[in-house]
Amino acid sequence: MNCEVHGEGGGTERFWEGHYQKHERRWSGRPNPVLVDVAGSLPAGEALDLGCGEGGDAIWLAGLGWRVTAVDVSVTALDRASTQATKVGVDGLIDFQNHDLAHTFPAGTFDLVSAQYLQSPIEFPRARVLQAAARAVAPGGLLLVVTHASAPSWSWANPNTRFPTPEEALAELELDPKPWLTERLGAPERQATGPNGESGTVTDNVIALRRLTR
Ligand SMILES: C[S@@+](CC[C@H](N)C(=O)[O-])C[C@H]1O[C@@H](n2cnc3c(N)ncnc32)[C@H](O)[C@@H]1O
């Protein structure tokens, strides 16, 4: 495993470590559907997966030939992702890095920067982190941000939460619109299964922006 450690961690690290250690396996291991839909037809290049969790997306991308930098604050999640990457023979294509993205961010620029449900019930400077994510997109590359826009029964979110519209979610990022072409901005619904086998319809906010210039 190539797992670099950056920053100090702290409350965020404690929270997410506790979260992963409570479960033998937290996520399904399958790639996220919007990523599959958006990235499935892209030519393989360099990808950055922010908040990669147990590595389902990074491993799927590597299986398509992408070189992936996969980042999470939880070492337990990264260990699981790395073990699985080795098992399926793509470990040589994934650089696992341990960052608290509120404090440190991986170096480099990427053809795809993906933030899938990079959300936290504890304090997280999301807009600032996603602005850094946008800066890490190479010219011609894609920024893909997918967030929960509904609260199914298994969610942490209060069922009365008012989620932002996709337009509001984009505005919250406060990006300079000039270098970007909006390829997707919407709130598709999909059928999903919760951690204990619950099923329901969920909505995601999907933002896919193509960087035209630096
Ligand atoms: C809701 S989970 C999504 C995991 C994965 N992207 C997926 O779709 O299955 C959020 C992930 O972000 C990570 N995370 C939360 N705050 C973070 C931070 N400040 N720095 C790095 N990773 C963070 C968590 O450890 C967790 O793995």
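Biologist: Which residues does Leu144 touch, not counting residues up to four places away in sequence?

Modeller: Leu144 touches Val34, Leu35, Val38, Leu112, Val113, Ser114, Ala115, Gln116, Val206, Ile207 and Ala208, where contact means heavy atoms within 4.5 Å. Please note that this is a predicted model, in which local features need pLDDT of at least 70 and side-chain atom pairs count only at pLDDT 80 or more, while totals for chains, interfaces and linings use all residues. Residues are numbered from 1 along each chain as its sequence is written, and side-chain values use heavy atoms, with hydrogens and water left out.

Biologist: How many residues has the largest nonpolar core?

Modeller: The largest nonpolar core has 27 residues, and those with the most contacts inside it are Leu61, Val68, Ile94, Leu112 and Leu144. Such a core is a set of buried Ala, Val, Leu, Ile, Met, Phe, Trp, Tyr and Cys residues joined through side-chain atoms within 4.5 Å; buried means under 20% relative accessible area, exposed over 50%, partly exposed in between (1.4 Å probe, protein chains only). Another core, of 22 residues, lies apart from it and includes Phe124, Val137, Val145 and Leu173.

Biologist: Moving on, to which strand do five bridges join strand 2?

Modeller: Strand 2 (residues 46–50) is joined by five bridges to strand 3 (residues 67–72), and the two run parallel. Strands (E, at least two residues) and helices (H or I, at least four) are DSSP runs, numbered from the N terminus, and two strands pair if DSSP finds at least two bridges between them. Within strand 3, Val68 is the bridge partner of Ala47.

Biologist: And is strand 2 mostly covered or uncovered?

Modeller: Mostly covered: four of its five residues are buried.

Biologist: What about Asp204: buried or exposed?

Modeller: Asp204, in strand 9 (residues 199–211), counts as buried because its relative accessibility is 1%. Its side chain makes a polar contact with the side chain of Arg190 (2.6 Å). A polar contact is a pair of N or O atoms within 3.5 Å; within protein, one must be able to donate a hydrogen and the other to accept it, and residues adjacent in sequence count only if both atoms are side-chain atoms.
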